[in-house]
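Here's a walk through the structure you have open. Keep the viewer handy and follow along chain by chain.

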Amino acid sequence: MSPESSSAVPENRRGPRQLLPQGSQGRNFGVPEPDYDPSAPEDLTILPVGSPATVRSYVRELLRRHRRTFALLIVVNTVAVVASMVGPRLLGGVVDDLAAGEQELQLGRITALFALALVVQTVFTQQVRLRGAMLGEEMLADLREDFLVRSVGLPPSVLERAGTGDLLSRITTDIDRLADAMRKGVPQLAIGLVWTALLVAALCITAPPLALAVLIALPVLFVSCRWYFRRAPHAYRAEAAGYAAVAAALAETVDAGRTVEAHRLGTRRVALSERRVAEWTAWERRTLWLRTVLFPAINLSNMLIMGGVLLLGGVFVLQGWIGVGQLTTGALLAQMLVEPVGLILRWYDELQVAQVSLARLVGVREIEQEAGSGAAPGGKEVRASEVRFGYRADVDVLHGVTLEVTPGSRVALVGPSGAGKSTLGRLLAGIYGPRRGEVTLGGTELSELPAEEVRRHVALVNQEHHVFVGTLRDNLLLARQNADDAELWAALGAVDADDWVRGLADGLDSEVGSGGLTVTPAQAQQIALARLVLADPHTLVLDEATSLLDPRAARHLERSLAQVLQGRTVVAIAHRLHTAHDADVIAVVEDGRISELGSHETLVAANGPYAALWRSWHG
Amino acid sequence: MQIRDLPYSDPGTPDVRSGLRLLLWLGRKQWGGQLKALGWGVLQLASIASFPAVAGLAVTAVVHRSGSDLALAGVAMAVVTVAVTVGDTMLHRVAVTNWITAAARIQQLLARRTAALGATLTRRVAAGEVVAVSTGDIERIGWCVEAVSRFSAALLTTLGVCAALVAYQPQLGLLACAGMLALALTVLPLLPKATRRAEAQRERAGRATELAADTVAGLRVLRGIGGEDLFLTRYRQASQQVRHAAVRTARMWSFIEALQVALPGLLLVGVVWYGTRLALDGHIAVGELVMVYGAISFLLLPLQLFGEFAMSYSFSRPSAARAARVLGLRRPGEEPGAQADDEQRAAASYGAGPREGLYDPLTGLHAPAARLTAVVCGDPDAAGRLAERLGGHPASAADAPAVGAEAVGAEAVGAATAGVATAGAPDGNASAGQQADASVPPSVLLNGVPLDTLPLEEARAAVLVQDKDPVLLSGTLGELLNVPSSGRIGAAEALNAAQCTDVLGALVQGTPDAAGDPMRARITERGRSLSGGQRQRLALARSLITDPEVLVVDEPTSAVDSHTEARIARELAELRAGRTTVVFSSSPLLLDRADRVVFVPGAAVAATGTHRQLLRSDPAYRAVVTREPQHHADASREQVRARTNQRDQRAQTHQRAQTEGVESA
């Protein structure tokens, strides 16, 4: 009679669950935990995960924020439950009277009362369901919005180092996992608890001795639940992660279709998918075993309550301690207990599993937001002096680099991969602060300035030309939020993009990205450049800005880029020598040091590494 | 079938003619499990249904003041408890097993289909459908297939209880039966609508998630340029819209729930009223009244199961249709009809052509055996198409994966995926290219043999085409590099040639548990944790390990800095010595290392020679390669552009013709 048996099958596996390392548990009987745990983290989790204290305080805050909705839910739920108990109570009375041999029942009055209770119960059940959903949805909306608010406030250095992948998986997967827990779990658990408490109370009021039956069942329920809940959350997380891995393997095969076919990896991909299926189903067996233990225990305790009420009650009636009517009411109330108990068990489970996702979302709150000093730079020249920097405490990538970028000049950084060009560029753009030495903008330490101030002066332009889903206008406005259409068109014109934008049916209001217009990589880059025109920083750091583009598209874009660069200071990390050729100063970076510095002519004349490369390039 | 026996060694051949047929096929494939679920389901429900009888027995015993009858009721209670427990647990086990085996079967079928479709699946619509089936649809399909058994069990038990009620107490029984029928008929029609609403809300939520994901994905841009507030406001609006939509959906469900309280409640009121009158008249005993009351309460359970099944069916119908559609996708050549194309293409290529090396009759490109040939194209897209052609069996030639003609909605996929990009016909027979869809471009020849006539696997083994955007599959580096290969070139050698030392360092740093062994270091999906240049170099290393007879690489080093590129060019030439290699590139560092350079500015080969020769003799070539704005090059560049434009137009006309063809078909 457990409600899970009818609803748990689809519900239990909706939405993948997540990881939590736990000690190994009972391996001696039944289905032990499979060895492979798909929920064990494979990549480094770069951003912090919230501590239990942070999670608790966040949940408290969330409940405080929604206490009115919560209170309302409890009230309507109480009314609905009380109304639902009228039927059994009335039937008990009828049975009493009938057993006493009454011939004249006020049947009309009883029926009317019953019907009235039914109306109340109907109205309030509808309200319970609605209020529950409202509470859940409000909390869920808060959660996802809070997360995004925190995310957009993260320091650029954190984003640069951690990438956006971890954040992305938190806002998609973890929110998804929390959705059911928030919109159903929290309200349903509250409902179930109130419901159970009221039923037990009603049982006690109807006939206190009948409450004994509940006491008999309690140990069984307690022991089995303890056993189950110690093992279940981890197993469900692994199971869900395993199921997600099945889909992920397939998605990758689809995505890599060309590569898979070219390298003849088809059979291997099928084998991988089947391995994932085996890993996933191994955990399904484990959770199925856990339920195989739990279900009989719950059934047993349900039956103990009902049977106990019936038989104990029968004996009590025979002894004359209670009436037949009380017995009837008690038996029906005991039957009603099955549902809320099932509700509590089911959602308690889900909430335990969801807790990990919540910790990941809340973890972003633990990242320190940067503190700006409020100072403003007193000039436009960027200067690095004796800069040492490394991503890890013990390994430096830059070993004492000094570089002066005079306003209006063009500096090219060239050198082999891994020499530290990009790192130097990021320091000059104020994303990282040096470990030793200093990077200054107009005499002010760059790393002390908040991102909002830095970007008014310096912008890093990399290959990431993200075009946001939305209108073209939104995509441009982000750079200067109060810009009018004329300014937007001027910016597009400056990068040679006005023609194709004018060609669009909706012009600036055209939707781009998912479902809307698909922009080519070259157009995406033009949009990125137009943003720069609007943002108007005086110094640009270009990192591989055009390197991933096709040469022909790149040539067209270089004209757009040239327009943007006009009148600005430029530090270009040059992968291609023709870019370097035009620079005022070329810095050859090797092994975290600047090994050569000078104009193209000087360096070619110096006959060093740069000259050698130039000759092989130019033929 | 037990869960422990999964995965299936052979998931079978699905019936993909329609969604319903697929569901039926799945059910048929596991009929044993379905029958078991039916059996346990009947036991579970029947024993639950008999609980009211026991309760009635107990009340009767008490009313009659009979201790022994009460003891009898106790024994019956114990029996019912055991039966419920066993039935419930076993039903759950069998039902979950049915669900999982059905889901696993489709996952396996999908994996096989995807692998067979390979490159032809790169069109976004079809690819998106496959992923949608795998992530969302399978759960619902499994649910529906599994729910059939429980539904049947509920139906049988309900009929049984109704029959028993009628036999036992005809008037009350008939009242109950009529009530049940009315209940089923009132609630069921509402479910499809509610389901649709739930679906729509899910979609809206999906869009909000997409918006959030998009904002996070572009966070570096936002932090670097500004606009955080703009996007936060936008997301808040979307998030609140989702909330409102969800509450609207919940309102609908809340009414259904209220209905499910009110209607059975009315029935109960009726039963109490009528039953009490019967009891007053002495027609039934008090215990019987309790029993009937309990039986009616019980009937709510099967009623819920009916609702669940109706819901699972309306949720899974579109899912099953999509799954049937995806499983019905076929690559050209897999279907008997498409073979004619291949033969035609093969026939067209017989005749002229060198007997050694790789030769493309369409452009006249010839890559001699055991040489490093570099190809410079005027148009990067044309380069990609040419590279693909060189491998034979081009996926974009017949472009849309041919769809099992009978599959439901196949036209939709077909039409959507038919963004045709056939390689343009050479200048000479432009009219031929324009005039008919029937004209199939001739096959590339490998040592005089048309590649398209070889079986796919063989063609891929002979010629490896590394496209412009090769995908790094996630896993350890060792797994990444463990590809089918000749075995001649080791991983270390290839990694060294592709200048991957710094990549290995970065990988080891990113995987602390690799214990310093780069082969155990993990590569995340698509190698996202690596830079563009690092990804390119790993992909090149992988292709070098394969060591195919012919290696075609498209812009392998476009994101690599000049220093490193120069070294790669040298190592590549050395490692591939004695093998046929074709490199599409416009970088002088690579071109300078090639034995010969072929210049394909438009649709056909314009010049052949060494890099230095061409630099001197061909201004158009010089302009493309050095990117120097040369006055004397301008004219020829214009020429190239004009030619390209012409070809583009032709391709467009061709495409239009094909699209129309698809639409009218």
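**A tour of chains A and B**

Let's start with what the record says about chain B: the unreviewed UniProt entry lists residues 37-64, 70-91, 147-166, 172-191, 253-274 and 286-307 of chain B under "transmembrane region". Bear in mind that what you're looking at is a predicted model. Two of those stretches are worth a look. Over residues 70-91 of chain B, the chain is 100% helix and 0% strand, with end C-alpha atoms 31 Å apart. Residues 253-274 of chain B are likewise 100% helix and 0% strand, and here the end C-alpha atoms are 32 Å apart.

Now go to helix α6 of chain B, residues 170-187. Which residues of α6(B) are buried? They are Leu172(B), Leu175(B), Ala176(B), Met180(B), Leu183(B) and Val187(B). Look down the axis of α6(B) and these buried residues fall within an arc of 135°, so they line one face of the helix. Over on the other side of α6(B), you'll find Pro170(B), Leu181(B) and Leu185(B) exposed.

One is a cis peptide bond between Leu6(B) and Pro7(B), with omega at about -5°; Pro7(B) sits in the segment before α1 (19-29) of chain B. The other is Arg65(B), which has a positive phi of about 55° although it isn't a glycine. Arg65(B) lies in the loop between α3 (51-63) and α4 (67-117) of chain B, and because it has 11 other C-beta atoms within 10 Å, Arg65(B) is exposed.

Over to chain A, which has 21 helices and 12 strands. Its C-alpha atoms fill a box of roughly 120 × 55 × 45 Å along the principal axes. Chain A has a radius of gyration of 34 Å, whereas a compact globule of 619 residues would be near 25 Å. Even so, 53% of the 619 residues of chain A count as buried. Among contacts in chain A with a separation of 6 or more, 80% are between residues 24 or more positions apart.

Chain A has a positive phi to show you too: Glu386(A), at about 50°, is not a glycine either. Glu386(A) is in strand β1 (residues 382-389) of chain A, and it counts as exposed because it has 12 C-beta neighbours inside 10 Å.

Next, the contact between the chains. How many residues does each chain put in? Chain A contributes 139 residues and chain B 147 residues. On the side of chain A that touches chain B, the largest share, 24 residues, comes from helix α10 (residues 266-319) of chain A. That side of chain A divides into 67 nonpolar, 42 polar and 30 charged residues.

Let's finish at Pro156(A), which belongs to helix α6 (residues 156-162) of chain A. Is Pro156(A) buried or exposed? It has 23 C-beta neighbours inside 10 Å, so Pro156(A) counts as buried. Leaving out residues up to four places away in sequence, Pro156(A) touches Ile431(A) and Ala451(A), along with Arg220(B), Arg223(B) and Gly224(B). Compare that with Ala207(A): Pro156(A) and Ala207(A) are 51 residues apart along the chain, and their C-alpha atoms are separated by 67 Å.

How values were computed: Residues are numbered from 1 along each chain as its sequence is written. Chains are lettered from A and ligands numbered from 1 in the order in which they are written. This is a predicted model: local features need pLDDT of at least 70, side-chain atom pairs count only at pLDDT 80 or more; totals for chains, interfaces and linings use all residues. Helices (H or I, at least four residues) and strands (E, at least two) are DSSP runs, numbered from the N terminus. The expected span of a helix is 1.5 Å times one less than its number of residues. A residue is buried if 20 or more other C-beta atoms lie within 10 Å of its own, exposed if 12 or fewer, and partly exposed in between; C-beta atoms are placed from the backbone. The arc is that of the directions from the helix axis to the C-beta atoms. Two residues are in contact if their C-beta atoms, placed from the backbone, lie within 7 Å. Ala, Val, Leu, Ile, Met, Phe, Trp, Tyr, Cys and Pro count as nonpolar, Asp, Glu, Lys and Arg as charged, and the others, Gly among them, as polar. The radius of gyration is taken over C-alpha atoms; the globule rule is 2.2 Å times the number of residues to the power 0.38. UniProt positions are given in the numbering used here, feature names are shortened, and annotations may be inferred rather than shown by experiment.
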